[in-house]
Amino acid sequence: MTSAAKAYSLRTFIFMLGYVVALMLALGGALDAIGGVSGWLLAAAVSAPVAGQIWATLAFIRDSDEFVAGVTAKRFIIAAGLTLALAVFWGFGERLAGAPHLEGWWAYVVFWALMGPMPLFVRSSAR
């Protein structure tokens with residue numbers, strides 16, 4: 001395992017742990033009606049590890065060799081694009097076809113659900 005991969009693994013563990021803890025607090029039934037400044041602070045606490053994980057991924061790309069950087073960037077872009085396409089599809093499904101509402105934070109879950117199996121489909125940085 002390269003030093004870039006080790007650093008990425010550690011950063012991912014830390015940011016995902018922070019995300020899970022903050023998400024559990026935010027989704028706890030007692031906090032549903034928190035509102036006001038406290039609600040915004042909790043929303044920021046949940047989103048901060050998301051920004052951290054994006055930074056960790058970009059740092060991994062920066063610190064990796066050209067092949068790994070290219071493949072990782074391609075996987076990231078495809079997963080992000082598919083997530084956006086699914087979010088737009090579902091949003092219009094809600095508006096036009098009566099689909100049930102999904103909270104916006106599900107986009108992050110969908111992104112990682114798509115990013116996870118991406119190595120099965122994207123094995124090179126070539127077109």
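Threonine 83 counts as buried at 10% relative accessibility, where buried means under 20% relative accessible area, exposed means over 50% and partly exposed lies in between, using a 1.4 Å probe and protein chains only. This is a predicted model, with local features needing pLDDT of at least 70 and side-chain atom pairs counting only at pLDDT 80 or more, while totals for chains, interfaces and linings use all residues. Residues are numbered from 1 along each chain as its sequence is written, and side-chain values use heavy atoms, with hydrogens and water left out.

Back to threonine 83: it sits in helix α3, residues 66-97. Its side chain reaches the backbone oxygen of alanine 79 at 2.7 Å. For reference, a polar contact is a pair of N or O atoms within 3.5 Å; within protein, one must be able to donate a hydrogen and the other to accept it, and residues adjacent in sequence count only if both atoms are side-chain atoms.

Zooming out, the protein chain has five helices and zero strands, in the order α-α-α-α-α along the sequence. Helices (H or I, at least four residues) and strands (E, at least two) are DSSP runs, numbered from the N terminus. The C-alpha trace spans about 45 × 35 × 20 Å along its principal axes, and 26% of the 127 residues count as buried.

Axes here are lines fitted to C-alpha atoms, for helices over the stretch in contact, and angles run from 0 to 180 degrees between N-to-C directions.

| Pair | Angle | Axis distance |
|---|---|---|
| α1 (residues 3-27) and α2 (residues 36-63) | about 165° | 8 Å |
| α1 and α4 (residues 106-115) | roughly 150° | within 14 Å |

α1 passes α2 in a left-handed crossing, meaning that the near helix is turned anticlockwise from the far one by less than a right angle. The α1 contact with α2 involves 19 nonpolar, five polar and two charged residues. Ala, Val, Leu, Ile, Met, Phe, Trp, Tyr, Cys and Pro count as nonpolar, Asp, Glu, Lys and Arg as charged, and the others, Gly among them, as polar.

What about charge pairing? There is one salt bridge, defined as a side-chain nitrogen of Lys or Arg within 4 Å of a carboxyl oxygen of Asp or Glu. Aspartate 63 and arginine 62 form it, at 2.8 Å from N to O. Aspartate 63 is partly exposed at 41% relative accessible area, while arginine 62 is exposed at 56%.
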